[in-house]
Amino acid sequence: MQAWQVHENGEPSEVMRLAEVERPVPGDNQVLLRVRAANVNFPDALLCRGQYQVRPPLPFTPGVEICGETEDGRRVIANPALPYGGFAEYALADARALLPAPESLDDAEAAALHIGYQTGWFGLHRRARLEAGETLLVHAAAGGVGSAAVQLGKAAGATVIGVVGGADKAAVARELGCDVVVDRRSEDVVAAVKEATGGRGADVIYDPVGGEAYAQSAKLVAFEGRIVVVGFASGTIPSPALNHALVKNYSILGLHWGLYNTKNPKLIQRCHEELTELAARGAIKPLVSERVPLTEAAVAVQKVADGRSTGRVAVVMEGTA
């Protein structure tokens, strides 16, 4: 089969190589899946660079999120078991963690429903307890993780403010349903959000960026607000001033979605059921901005790594939806 492999750590476009390799053999409690579509995530770039919290042995195939097909023809969503990731014709996955692909979504959309939307659901509902009528601020609102949070926030009845970088991404954020869009490249984020909220700030702030975005969040979080720390796409991990959280009376909430797989896997299933229902009635729909063949996977991962994509980029196998 064909598979992209990383033999040394570095930038995705430099270290990912397409090769003909043996089809992986499932271990205990594993299943072999024919990959129908693989979604590109920022962690794929971190895996290539050797900067992710999981460091699979070299060589490995990146690709942490797929829509695949079982031997009996079922269409499923899965997180491949590294080192046999999703940028290949076949991947391995935990047989107990397979989720049915929603019928309302095609393969690329189904692949994109998993990590980003589960992270958004757990962050907004499990951790921040977002309520209808509250104001939600989403950093990197036009990206893969941010776009999911925007849609979930709107579905929950929140007023959503999206912060983006660039006019093209601002247009995407508006199409996603953001009530207010702030372009950090041409506007003062703090001033614009304070103006939009009458000086009150946001009840919930969803931050997959870190760095300067977190500094802005601390200035913009409302009384009894909640900042959900999802990741550090900026490459800078902030050091929160806890005295500021005390004086301003807000919460800083960490979210590591992967922990639920081991700590409370039943919640993963419950979340998927709710996401499937939301997708069925059109309340959410993954924004797949680009679909590329397997041969272009390395270029796609680099594009996401460089922050040049909107929504999700999906690697779609020949002959699938």
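Among contacts between residues at least 6 apart in sequence, 67% join residues at least 24 apart in this protein, where contact means heavy atoms within 4.5 Å. This is a predicted model, in which local features need pLDDT of at least 70, side-chain atom pairs count only at pLDDT 80 or more, and totals for chains, interfaces and linings use all residues. Residues are numbered from 1 along each chain as its sequence is written, and side-chain values use heavy atoms, with hydrogens and water left out.

**The whole protein**

- The secondary structure comes to twelve helices and 15 strands; these are DSSP runs, with helices being H or I of at least four residues and strands E of at least two, numbered from the N terminus.
- The C-alpha trace spans about 60 × 40 × 35 Å along its principal axes.
- A compact globule of 321 residues would have a radius of gyration near 20 Å, and the 19 Å of this protein agrees; the radius is taken over C-alpha atoms, and the globule rule is 2.2 Å times the number of residues to the power 0.38.
- Of the 321 residues, 55% are buried, a term for under 20% relative accessible area, with exposed meaning over 50% and partly exposed in between (1.4 Å probe, protein chains only).

**Helix α4 and Thr 119**

- Helix α4 (residues 115-127) is mostly covered, with ten of its 13 residues buried.
- Among those buried residues are Tyr 117, Trp 121, Phe 122 and Leu 124.
- Thr 119 sits in α4 and is buried at a relative accessible area of 8%.
- Leaving aside residues up to four places away in sequence, Thr 119 touches Tyr 206, Val 230, Leu 255 and Trp 257.
- Arg 129 follows α4 and has a positive phi, near 55 degrees.

- Ala 111 belongs to helix α3 (residues 107-112) and is buried, with a relative accessible area of 0%.
- Beyond residues up to four places away in sequence, Ala 111 touches Ala 37, Asn 39, Glu 65, Ile 66 and Cys 67.
- Leu 275 belongs to helix α11 (residues 265-280) and counts as buried at 0% relative accessibility.
- With residues up to four places away in sequence not counted, Leu 275 touches Leu 113, Tyr 117, Gln 118, Leu 152 and Ile 284.
- Leu 275 and Leu 113 are 162 residues apart in sequence, and their C-alpha atoms are 7.9 Å apart in space.

**Where α7 meets α8**

- Two packed helices are described by the angle between their axes and the distance between the axes.
- The axes of α7 (residues 189-196) and α8 (residues 212-220) come within 10 Å and cross at roughly 35 degrees; axes are lines fitted to C-alpha atoms, for helices over the stretch in contact, and angles run from 0 to 180 degrees between N-to-C directions.
- Val 189, Val 190, Val 193 and Lys 194 in α7 meet Gln 216, Lys 219 and Leu 220 in α8.
- The buried residues of α8 are Ala 213, Tyr 214, Gln 216, Ser 217, Ala 218 and Leu 220.
- Their cover includes α7, α9 (242-248) and the strands β8 (135-139), β11 (202-207), β12 (221-229) and β13 (251-254).
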